[in-house]
Amino acid sequence: MSNRSAEHYNWGASCDGWHLVKGDDLSVIHERMPGKTEEVRHYHTRARQFFFVLSGEASLEVDGTRLVLREQEGAEVPPGVWHQMKNERFDDVEFLVISTPPTRGDRIETE
């Protein structure tokens, strides 16, 4: 599977996502965030997630701690933990979001 053939969606102002795996027990999404974009701070009640940067650099806030993730680096976010992915740079960042179980209907936002 690649993002050329995967189901595509837009989120936020100008971000992209491609569903590489969209199963009942596992989700793998390739996401792209242009420079100076961010997602809404949130948590998941059931889903455990792993964010893995493919290219660029991302800032991932996890329960109040800011992590800088560079190419080929990742971080796990357990269920119930507030988090927010940001691209504070000017270049795009591309990353994988691996979730088990999938996050559909499982997201609680602060805003």
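I began with strand 2 (residues 15-22) and strand 3, which pair in the antiparallel sense over six bridges. Strands here are DSSP runs of E, at least two residues, numbered from the N terminus; two of them pair if DSSP finds at least two bridges between them. The model is predicted: local features need pLDDT of at least 70, side-chain atom pairs count only at pLDDT 80 or more, and totals for chains, interfaces and linings use all residues. Residues are numbered from 1 along each chain as its sequence is written, and side-chain values use heavy atoms, without hydrogens and water.

I looked at the link next. Four residues separate strand 2 from strand 3 in a hairpin. His19 stands opposite Ile29 of strand 3. Strand 3 also pairs with strand 11 (residues 93-100), antiparallel, over seven bridges. There, Val97 is the bridge partner of Ile29.

I then checked burial (buried is under 20% relative accessible area, exposed over 50%, partly exposed in between; 1.4 Å probe, protein chains only). Seven of the seven residues in strand 3 (residues 27-33) are buried. Ser27, Ile29, Glu31 and Met33 are on one side, with Val28, His30 and Arg32 on the other.

Salt bridges came last (a side-chain nitrogen of Lys or Arg within 4 Å of a carboxyl oxygen of Asp or Glu). I have eleven by this rule. Arg32 and Asp16 meet at 2.4 Å, N to O. Arg32 lies in strand 3 and Asp16 in strand 2, so the pair ties together parts 16 residues apart in sequence. Both Arg32 and Asp16 are buried. I noted a salt-bridge network linking Asp16, Arg32 and Asp92.
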